[in-house]
Amino acid sequence: MAKIKITIDDHTIQVEQGTTILQAARLIGGEVVPPAMCYHSKLKDSGGKCRTCMVKVVQGSEKDPRPMPKLVASCRTEAQDGMVVQNITSPEVVAARKAVVEFLLINHPLDCPVCDQAGECDLQDLSYKHGTNASRYEEEKRTYETIDIGPLIQFHPNRCILCYRCVYAANELTEKRVHGVLYRGEKSEISTFIHQSIDSDFSGNIIDVCPVGALTDKTFRFKNRVWFTRPMDAHRSCSKCSGKTTLWLRGDEVYRVTGRKNQYGEVEEFICNECRFEKKSKADWVIDGPRKVSPTSVIGQNHYKTLVKPHVISPLKEKME
Ligand code: SF4
Ligand code: SF4
Ligand code: FES
């Protein structure tokens, strides 16, 4: 396939034709990568909903160097040969992203202290990195009736940011389309038919793709905080899925089983409900080793002692204990 050249925040890279700006940025890595709350590389057609990945195209291409008139969604815009893009080097992008975070939080509840997603929530990370610490919104927040979607998955519609990821996951993992987003604008809501999409052996994956705490694991609900648990990669022989998962352990107790997530919080492979909800004993699994977590993640706090050599930490360790 033909290769093209794109420059993002002064880093130039060659990519295959058809690559989006976001994918090209991920190939460069680091600060150049825009945040993405709705795009998910394993979900076909995802993206284009949240606006967090917006960037400025200062040169459209080698052939047509005119800038694009507005900021564009990097997850939906194809790279062109000779394209020049600004992400964090553009004050306009930084300001727009701040505005998007404020917008996403307008109707979001202040549930973090009681939310099972806290500590691994993309919205928390996004607000911390790109938001402001105050809201100008004085009106009453929009709220929805709670909907019971069965014994395995907890649905909190008030926390939903309408990213559509669970809709695309259900589309891919179930035989017929049974839920979606109803209405428009402020009235939009994830359809009440969501409970029908959980009638599948792979329904638990909507928990993993949800970037916030709108869909959480009912079997883990209020049992622990993620930063007290230690994620370990494990596998088992399974006839329905690859059986490759992450176990969230405290001591020898398996509190939760999830798919393995990459550095962008995207699951590498979808796992079945048997692995996720029914195999909660360490004896069910072969442990592969600790899951690598970002050093800045709150989940990493339980890894300090294993990551630092004992002779290096000993004076510090005394202070910590
Ligand atoms: S979804 Fe994220 S930001 Fe919202 S309450 Fe839960 S942890 Fe907090
Ligand atoms: S429930 Fe979660 S995954 Fe589904 S649209 Fe809302 S935020 Fe996205
Ligand atoms: S990640 Fe691009 S619009 Fe949401």
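**Figure 1. Contacts across the predicted model.** Of the protein's contacts between residues at least 6 apart in sequence, 62% join residues at least 24 apart. Two residues are in contact if their C-beta atoms, placed from the backbone, lie within 7 Å. Among the 321 residues of the protein, 34% count as buried. Buried means that 20 or more other C-beta atoms, placed from the backbone, lie within 10 Å of the residue's own. The protein has eight helices and 13 strands. These are DSSP runs numbered from the N terminus: helices are H or I with at least four residues, strands E with at least two. This is a predicted model, in which local features need pLDDT of at least 70 and side-chain atom pairs count only at pLDDT 80 or more, while totals for chains, interfaces and linings use all residues. Residues are numbered from 1 along each chain as its sequence is written, chains are lettered from A and ligands numbered from 1 in the order in which they are written.

**Figure 2. The open sheet of four strands**. Strand order is β12-β11-β10-β13, with antiparallel pairing. Strands pair if DSSP finds at least two bridges between them. β12 (253–258) and β13 (286–290) are edge strands with a single partner each, so one side of each has no neighbour in the sheet. From one strand to the next, the twist averages 40 degrees. Axes are lines fitted to C-alpha atoms, with angles from 0 to 180 degrees between N-to-C directions.

**Figure 3. Pairing of β10 with β13**. β10 (residues 230–235) and β13 run antiparallel over four bridges. His235 has Val286 of β13 as its bridge partner.

**Figure 4. The shell around ligand 2**. There are 13 residues around ligand 2; Cys160, Cys163, Cys166, Cys210 and Ala214 come nearest. A residue counts if its C-beta atom, placed from the backbone, lies within 6 Å. The shell has twelve nonpolar residues, one charged and no polar. Nonpolar covers Ala, Val, Leu, Ile, Met, Phe, Trp, Tyr, Cys and Pro; charged covers Asp, Glu, Lys and Arg; the others, Gly among them, are polar.

Key
Buried ≥ 20, exposed ≤ 12 C-beta atoms within 10 Å, placed from the backbone.
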